[in-house]
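Here are some notes for a colleague who has not looked at this structure before. They go from the chain as a whole to two of its residues.

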Amino acid sequence: MKVYQQLTGYEESILNLDILVENTYSGFCVAAGTGDVVTGEGGSTGLLNSGFVFSGYEGYVFDQSGRFVGGYAPNIPVNLSIHMKSDDTYSYFIDDVLIANNVSGSTGFDYIEFEKHGDSSLGIEYIF
């Protein structure tokens, strides 16, 4: 099931995502981007483009390129911190450890898309 959280995207901001997965095999997918998200009758059309994407599968975390970047365990939140810069680049941390710096991608976005697999949940903190 996909859920959306609308945000006012700003360059030069920090987005902290706390992801909790109760079952390692449940997994998750989280993306940020601009979209044409419509709720209600007709469903949603989703994100038109994405600035970043992270997915979790069987305890492993992957970035948008499919590269293994970390892990997670059941009932222990994993924190993804995305530091967006003004030149369409961002850096990201997993549990306070720098994983990648100056990654190219859109840094102004409208929505967070969270695809829940099983019993996963997402907490969002946005710092301007």
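A strand here is a DSSP run of E with at least two residues, and strands are numbered from the N terminus. The model is a predicted one.

1. Secondary structure. The chain holds eleven strands and zero helices. Read from the N terminus, the order of elements is therefore β-β-β-β-β-β-β-β-β-β-β.

2. Overall dimensions. The C-alpha trace spans about 40 × 35 × 25 Å along its principal axes.

3. Burial and surface. Buried residues make up 39% of the 128 in the chain. The accessible surface is about 6600 Å², and carbon and sulfur atoms account for 48% of that surface.

4. Contacts along the sequence. Taking contacts between residues at least 6 apart in sequence, 60% of them join residues at least 24 apart.

5. Charges. The chain carries 4 positive and 17 negative charges. The mean position of the positive charges lies 5 Å from that of the negative charges.

6. Ser13, position and burial. Where does Ser13 sit? Ser13 belongs to the loop between strand 1 (2-6) and strand 2 (14-21). Ser13 counts as buried because its relative accessibility is 3%, and the cut-off for buried is under 20%.

7. Ser13, surroundings. Leaving aside residues up to four places away in sequence, Ser13 touches Ile82, His83, Met84, Tyr126, Ile127 and Phe128. With one of these, Tyr126, there is also a polar contact between side chains, at 3.4 Å.

8. Thr89, position and burial. Thr89 lies in strand 8, which covers residues 89-94. Is Thr89 buried or exposed? Thr89 is buried, because its relative accessible area is 10% and buried means under 20%.

9. Thr89, surroundings. The side chains of Thr89 and Asp87 are joined by a polar contact of 2.5 Å. Not counting residues up to four places away in sequence, Thr89 touches His83, Met84, Asn102, Val103, Ser104, Gly105 and Thr107.

10. The two residues side by side. His83 and Met84 are touched by Ser13 and also by Thr89. Ser13 is in a loop, whereas Thr89 is in a strand. Ser13 has a relative accessibility of 3%, and Thr89 has a relative accessible area of 10%.

Key
Residues numbered from 1 in each chain as written. Predicted model: local features only at pLDDT ≥ 70, side-chain atom pairs only at ≥ 80, totals over all residues. Heavy atoms only, no water. Helix = DSSP H or I, 4+ residues; strand = E, 2+ residues; numbered from the N terminus. Buried < 20%, exposed > 50% of the residue type's maximum accessible area, 1.4 Å probe, protein only. Contact = heavy atoms within 4.5 Å. Areas by Shrake-Rupley, 256 points an atom, 1.4 Å probe, with all protein chains shown as cover. Lys, Arg positive; Asp, Glu negative; His and termini not counted. Charge placed at Lys NZ, Arg CZ, Asp CG, Glu CD. Polar contact = N/O pair within 3.5 Å; in protein donor to acceptor, adjacent residues only side chain to side chain.
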